[in-house]
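Keep the sequence and the 3D view open while reading.

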Amino acid sequence: MNKNPIHVIGGGLAGSEATWQAAEAGVPVVLHEMRPVRGTDAHKTGGLAELVCSNSFRSDDAQTNAVGLLHAEMRLAGSLIMSAGDDNQVPAGGALAVDRDGFSEAVTKKLEAHPLITIQREEVPGLPPADWDQAIIATGPLTAPSLAQSIAEVTGADALAFFDAIAPIVHFDTIDMDVCWFQSRYDKVGPGGTGKDYINCPMDKEQYLAFVRALVDGQKTEFKQWEGTPYFDGCLPVEIMAERGVETLRHGPMKPMGLTNAHNPSVKAYAVVQLRQDNALGTLYNMVGFQTKLKHAEQVRVFRTIPGLENAEFARLGGLHRNTYINSPTLLDHSLQLKSRPGLRFAGQITGCEGYVESAAIGLLAGRFAAAERLGHAPALPPMTTAFGALLNHITGGHIVSDDEPGKRSFQPMNINFGLFPPVEAPKAEGKRLRGKDKTVAKRRALTSRALADCHEWLGLPSRAEAAE
């Protein structure tokens, strides 16, 4: 067996999980963490897997919630992060929340005690040297400037984002298509398009003026002191555009020109909100030009006043914040490996996922993939029907690249959500047709049941039925 170690750069949740998974597979690992030799603007300690924001891992419901499903799959895969989270749980209803200090201490102690893991407290200022033939970069949204510069040089200047301008993303099946319609502006057929590539939500003058007032008056989140204020005219928050004049949005992302309401062709909309397909499955649509600093509750309240979106469910809400991440669908293969440099993988938030659990899950996969290669095996990719596979597919290939916004990044980080999974038919109840919430719950249970069964098989574990026997 080749005993050369795998090198992991970054001791956050993703790096810690990647290190654990590779070592548990029998491969030596060197984990490089620059804290406390060099701190960051957000971290307070030198502990591994320090939680810098919330202490919540969100819902632990594995039957009807996508992040709860991801929890369950990670537990099946022997996740260090989930084990430490379970051991340091604090009351939080149906969510998994943790004592942040106890959690970090547990992760640190487990990694320090593992016989195949060496922890080196040092900054890695550039890309891993060539003799680190298996390496994982898991440096998160606060990647040190020198390493970020090295990543930019090898990936291309336009392939690395330092600020995350995010528009809300809506589940397609919650859009009222009796109000909205499919049409591209002036019926323009773009590359791979049909002339009906956008969903259009019409507003009359009264609705538009009320919407602009709501944007201007809505509660906003503030930038953290270390983030700076990264507004630039190509990507202004929608509420900042609204503040620049009541007609600004009508001449920007909400212009009604070139559109005819399929439900009422004789009435011209005063303004139109457009949504564009966001994933290859066609289950998610993003609100074009609607990056925002509105607080999340305000976004839900204000955006549900848009005709056709009254009952919209959001796969993610908008934002604008510091977040170093790469254009993964272009740069990485399906095993998270940099296409231009075999053996170098990325993991965690730098790949374009959001959230503690999602970051750790991508670290888990990267660690397993690197260990498999070190042991002479081809990485076994998780099925797309699992939470692991759905999230991996979003990062490495499930996103649709926008051709009509030259110079702008279209790939954006995302939390795990059911819109990333291949659709499944809701089971039919005998003698009863499911509707509304009952149908949604049944569909989610079908998704999670399929996912857990496929995850057991992928991991080589007995099925739940076999385990019960």
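**Aromatic contacts and an enclosed helix**

F57, F103 and Y356 come together as one aromatic cluster. The model is a predicted one, and its count of aromatic pairs comes to 11.

One of these pairs joins F172 and Y285; the ring centres are 5.6 Å apart and the planes meet at 35 degrees, so the pair is tilted. F172 sits in the loop between β9 (169–171) and β10 (181–182), while Y285 belongs to strand β13 (residues 284–287), so the pair ties together parts 113 residues apart in sequence.

Another tilted pair is made by F211 and F303, with 6.4 Å from centre to centre and 45 degrees between the planes. Here F211 comes from helix α6 (residues 205–217) and F303 from helix α8 (residues 296–303), so the contact links parts that are 92 residues apart in sequence. F211 is buried at a relative accessible area of 1%, and F303 is buried at 0%.

A charged group also meets a ring: R250 lies over the face of Y270, 3.8 Å from the ring centre.

Burial can also be followed along a whole helix. In helix α11 (residues 387–396), 10 of the 10 residues are buried, so the helix is largely enclosed by the rest of the structure. The buried residues include A387, F388, L391, N393 and H394. What covers them includes α2 (66–76), α9 (328–331), α10 (356–374) and α12 (436–459).

Note on methods: Residues are numbered from 1 along each chain as its sequence is written. This is a predicted model: local features need pLDDT of at least 70, side-chain atom pairs count only at pLDDT 80 or more; totals for chains, interfaces and linings use all residues. Side-chain values use heavy atoms; hydrogens and water are left out. Buried means under 20% relative accessible area, exposed over 50%, partly exposed in between (1.4 Å probe, protein chains only). Helices (H or I, at least four residues) and strands (E, at least two) are DSSP runs, numbered from the N terminus. Contact means heavy atoms within 4.5 Å. Rings of Phe, Tyr and Trp (its six-membered ring) pair if their centres lie within 6.5 Å; planes under 30 degrees apart count as stacked, over 60 as edge-to-face and the rest as tilted. A charge sits over a ring if NZ of Lys or CZ of Arg is within 6 Å of the ring centre and within 35 degrees of the ring normal.
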